[in-house]
Amino acid sequence: MQARKNDVQAYSQVFLSSKNYDSKKIYAKRRKSLMEKLDSFCVFAGMPIEPGGEEAFVQTWTRFVQDPAFLYLMGVNQAGCYLVLDPRAMRSTLFVPRKDPFKEFWNGKRLGFVDGENVVARLTGVEEVRPIDELWDFVESLAKKYANGKNAVDHAYAFYYEKFKGDHNEKLKNDLKKVLRPYKLSVKSCADKHFEDRLVLEPERIDDARVAQKITDEAFRALLTEMKNMKTERDVALFLNYEMQRRGDGDLAFPTIIAGGKNACCLHYVKNDEQLRDGELVLFDFGVRFGTLHSDISRTIPVNGRFDPLQKMLYEIVLESAKVYQRVVRPGVALKEIGMICWEFIMMELDRRL
């Protein structure tokens with residue numbers, strides 16, 4: 001039992017689990033639900049490489065972020081992994097790189113295949129674990145099974161988006177096509193079936209989202225008491241990141257944006273190193289990951305703590321637009337139906353007040 005607890009801690013950012021619920025059961029339930037929707041086998045690709053890993057001389061401190069579709073089903077936050085779902089056998093097979101002690105010496109624990117060892121299966125709860133070099137032979141064996149016999153099908157599934165080109169999921173689709181061609185099987189996207197499950201938040205994910213929101217709110221309130229001591233965007237970002245991360249499980253949701261003055265006009269400004277100037281506004285865009293859920297909060301305040309009349313008017317218009325938007329958001333309403341409401345309100349108020 002102690003060895004298993006040590007495994008969970010050693011792989012804590014590699015396999016995302018919670019102390020509040022049985023993560024393995026949650027992931028297994030999700031895989032089962034998707035397999036019940038499939039009439040053929042399905043392949044998912046995780047992100048292929050670590051950040052900067054395409055260049056031999058680059059090693060960055062950037063946190064690895066897994067493909068959300070893969071993470072939802074496995075909780076594995078590690079590069080170079082694949083998942084194959086076999087709905088006829090109701091069996092999930094996880095493919096991981098072979099264990100590399102030399103790499104672990106430098107970078108820490110990674111899920112890796114070792115003959116005769118069951119650490120990965122025990123940790124993740126997946127039915128079967130195989131080395132990555134066996135992936136396409138395994139897929140070919142499933143192709144033979146699904147293309148022949150009484151219940152033969154003419155397709156297999158992969159997770160990809162038709163409109164996205166050049167990403168790892170399109171590469172997966174193209175690689176799978178080559179393997180399936182001799183068996184006259186086509187490739188279909190399972191994205192729609194996957195999102196049927198993923199878009200409905202389970203109680204556990206709702207709880208994680210609420211914790212992430214609480215952490216972010218507390219960090220922001222802690223920052224407000226210290227803003228008078230902040231001289232640069234960097235001062236603010238460092239303080240806010242620390243307050244979020246010390247309250248959570250160690251990860252930001254995305255790079256924090258602290259944009260003073262005109263820098264707020266850059267939608268994804270992350271330089272975060274300029275002076276904060278008296279009389280200007282500063283935009284915050286920040287969030288934290290808790291479990292596999294994230295918070296994402298945007299706030300704008302005056303650097304000196306006081307709005308001038310124009311800033312106050314603009315702030316109030318934007319605030320009221322958010323309240324208008326919130327009143328029309330409800331179950332069953334599509335985002336495309338309400339996406340322009342806040343912008344129309346803002347333009348209307350600007351025309352009325354200016």
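Trainee: Is Lys177 buried, partly exposed or exposed?
Mentor: This is a predicted model, in which local features need pLDDT of at least 70 and side-chain atom pairs count only at pLDDT 80 or more, while totals for chains, interfaces and linings use all residues. Residues are numbered from 1 along each chain as its sequence is written, and side-chain values use heavy atoms, with hydrogens and water left out. Buried means under 20% relative accessible area, exposed means over 50%, and partly exposed lies in between, with a 1.4 Å probe and protein chains only. Because its relative accessibility is 36%, Lys177 counts as partly exposed.

Trainee: How many disulfides does the count come to?
Mentor: A disulfide is a covalent bond between the sulfur atoms of two cysteines, and here the rule asks for a pair of cysteine sulfur atoms within 2.5 Å. By this rule the count comes to zero disulfides.

Trainee: Which cysteine sulfur is nearest to that of Cys190, and how far away is it?
Mentor: Cys190 has a relative accessibility of 0% and therefore counts as buried. Cys190 is in no disulfide, and the nearest cysteine sulfur, at 3.5 Å, is that of Cys42.

Trainee: Is Cys265 buried or exposed?
Mentor: Cys265 is also in no disulfide, since the rule needs sulfur atoms within 2.5 Å and the nearest cysteine sulfur, that of Cys266, is 7.0 Å away. With a relative accessible area of 68%, Cys265 is exposed.

Trainee: Which residue forms a salt bridge with Glu50?
Mentor: A salt bridge is a side-chain nitrogen of Lys or Arg within 4 Å of a carboxyl oxygen of Asp or Glu. For Glu50, which is partly exposed at 23% relative accessible area, the closest N and O atoms of the pair are 3.7 Å apart, and the partner is Arg110.

Trainee: How many residues apart are Glu50 and Arg110?
Mentor: Glu50 lies in the loop between β1 (42-45) and α3 (68-74), and Arg110 in the loop between α4 (101-107) and α5 (119-124); helices (H or I, at least four residues) and strands (E, at least two) are DSSP runs, numbered from the N terminus. The pair links distant parts of the chain, its residues being 60 residues apart.

Trainee: In which helix do Arg352 and Glu349 lie?
Mentor: Their side chains meet in a salt bridge of 2.8 Å, N to O. They are three residues apart, about one turn of the helix, and both lie in α13.
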